Amino acid sequence: MADLHLVVDRAAGGLAGQIARELREAVRSGRLVPGARLPATRDLARDLGLSRGVVVEAYEQLVAEGLLESRTGAGTRVAARVGAGVAAGLAAGAGRQAAPERQGDRREAGRPHYDHRPTSPDLGLFPRQAWLAAVRHVLATLPNDGLDYGDPGGVPALRRELAAYLGRVRAADASPDDLVIMTGVAQGISLVVEALVRDRGRRVVLAVEDPTSTRMLPLLRRAGAEIVPVPVDHEGIVVAALPDDADAVMVTPAHQYPTGVVLSPARRAALVEWAADTGALVLEDDYDAEFRFDRDPVGCLQGLAPDRVVLAGSVSKALAPGLRLGWIAAPPHVARAVRLARGESDLGSPVVDQYVFAHLIEGGTYDRHLRRVRREYRRRRDALVGALAEHLPGMTVRGISAGLHLYAEVNAEGGGDPGGLAEAARAAGLTTEVVTSAHGSPGLVIGFARLPAHRVAEAVRVLAKNAGGGVRE
């Protein structure tokens, strides 16, 4: 049984999260090898002077991430299959060399009151005062050279802050040199696909989840991808159905869009193993991982296999999509190719906003903002789930409590027509889209981020009334 030395700061709070972070680092550093058995939760809790529930929560978090395995009668061990991916990532990282650093609310007539996309955030929650204060600080302290073109991969200060933030919050394993600042997830993934096309000298086969968001598909096809849909079930993407000739697969493992499921530990391990065996890249769209309401979010796939996974994220859900500020964390050769592509196309992102965001992360303002809006979005989701259960028994909400949208399947008996329900929902002021898939039942995506909790019941009641049959007043 492994002898653990864990450093826990009781005054800092979040004890389960601290234990989980310490264990992740122990695996990555090699102190805990694949197959190593961990102490029983009761024993570790006694050693640390904590309640057993705290240790159980930490173990469960890492089991959900696929880093640990737990079997009745066999205890908890470091997962064998993901250990190889982590070890490979560490070996690749050992040879990396640090690159030198260089200095209104008007709406169109006929659109729903709570409009835009189902995954759009409430822009009224944007931290205007904090952003303004950060802009003033940046403009008052930034050297003149800081306003030059700079590194097309992004401002070094932001890449440093993001590398630390993603490691702390998403269990990512990335250095500042692995990060490239983007205008958003779509640009990041598109440029990775373009880099694959240049490397292969042909169009690339890109597997995508089915169902998935259709908005990025035209961009990916334009970048040179041949799209192949792969079914999603209650455990996430069906890894066994991935095509053997795929060059890459794009997934949303923390909160699958649109079904809301989380990629299971077994599927996470299988996906990492598939990527290692085939040489394919995993493109991880971490689009709303900040908003998990029932527990801490599972760590990202990139942290398990940094040599095979490209993590893409942005502030579009956490702050505002209009900022056009995102990033990728990629294997070094991919990061270099994408940075070169940015230098050859648009010379990088606006620098002032990058410095502002770096300042917000560094001072803890970004964390405080996320805690505040996370509480509000949870209230809105809970209210919507309750109202749907009361007024629309023909619809079943699926997926975890997370994100800015929920997925509701339309039952064959008494559920109504998805298209008709979507039209009725829009008439009631809800943001809704119909989801169709070759591998599952039809359903609806309903956005709740722009729907104040006190207005939820009335909006759903109007939807039920407009929908007619199969609903309950």
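## A walk through the model

Let's start with a sheet: four strands sit side by side in the order S11-S12-S14-S13, forming an open sheet of 4 strands with antiparallel pairing. Which strands form its edges? They are strand S11 (395–398) and strand S13 (431–435), and each of these pairs on one side only. If you look at how neighbouring strands of this sheet lie, they are turned by 30 degrees against each other on average, ignoring direction. Keep in mind as you go that what you're looking at is a predicted model.

Now zoom in on one pair within that sheet. Strand S12 (residues 405–410) runs antiparallel to strand S14 (residues 443–447), and the two pair over 5 bridges.

Next, follow the backbone to a couple of prolines. The peptide bond from Asp210 to Pro211 is cis, with omega near 10 degrees. Pro211 itself belongs to the loop between strand S4 (204–210) and helix H8 (217–223). Tyr257 and Pro258 are also joined by a cis peptide bond, with omega about 10 degrees. Where is Pro258 found? Look in the loop between strand S7 (248–251) and helix H9 (265–278).

While you're checking backbone angles, stop at Arg324. This residue has a positive phi of about 50 degrees, although it is not a glycine. You'll find Arg324 in the loop that connects strand S9 (309–314) and strand S10 (326–329).

Time to turn to charges. Side chains of opposite charge can pair when their charged atoms come close. How many salt bridges are there, if a side-chain nitrogen of Lys or Arg has to be within 4 Å of a carboxyl oxygen of Asp or Glu? The count comes to 22 salt bridges. One of them brings together the side chains of Arg24 and Glu65, at 2.6 Å from N to O. This pair links distant parts of the chain: Arg24 is in helix H1 (residues 15–29) and Glu65 is in helix H3 (residues 52–65), 41 residues apart.

Finally, here's a place where like charges come together. On the surface, Arg368, Arg371, Arg372 and Arg375 gather in a patch of positive charge.

How values were computed: Residues are numbered from 1 along each chain as its sequence is written. This is a predicted model: local features need pLDDT of at least 70, side-chain atom pairs count only at pLDDT 80 or more; totals for chains, interfaces and linings use all residues. Side-chain values use heavy atoms; hydrogens and water are left out. Patches are made of residues with over 30% relative accessible area and no salt bridge: like charges are joined within 9 Å, nonpolar side chains (Val, Leu, Ile, Met, Phe, Trp, Tyr) within 5 Å. Accessible areas come from the Shrake-Rupley method with a 1.4 Å probe; for residues, only the protein chains shown count as cover. Lys and Arg count as positive and Asp and Glu as negative; His and the chain ends are not counted. The place of a charge is taken as NZ of Lys, CZ of Arg, CG of Asp or CD of Glu. Two strands pair if DSSP finds at least two bridges between them. Axes are lines fitted to C-alpha atoms, for helices over the stretch in contact, and angles run from 0 to 180 degrees between N-to-C directions.
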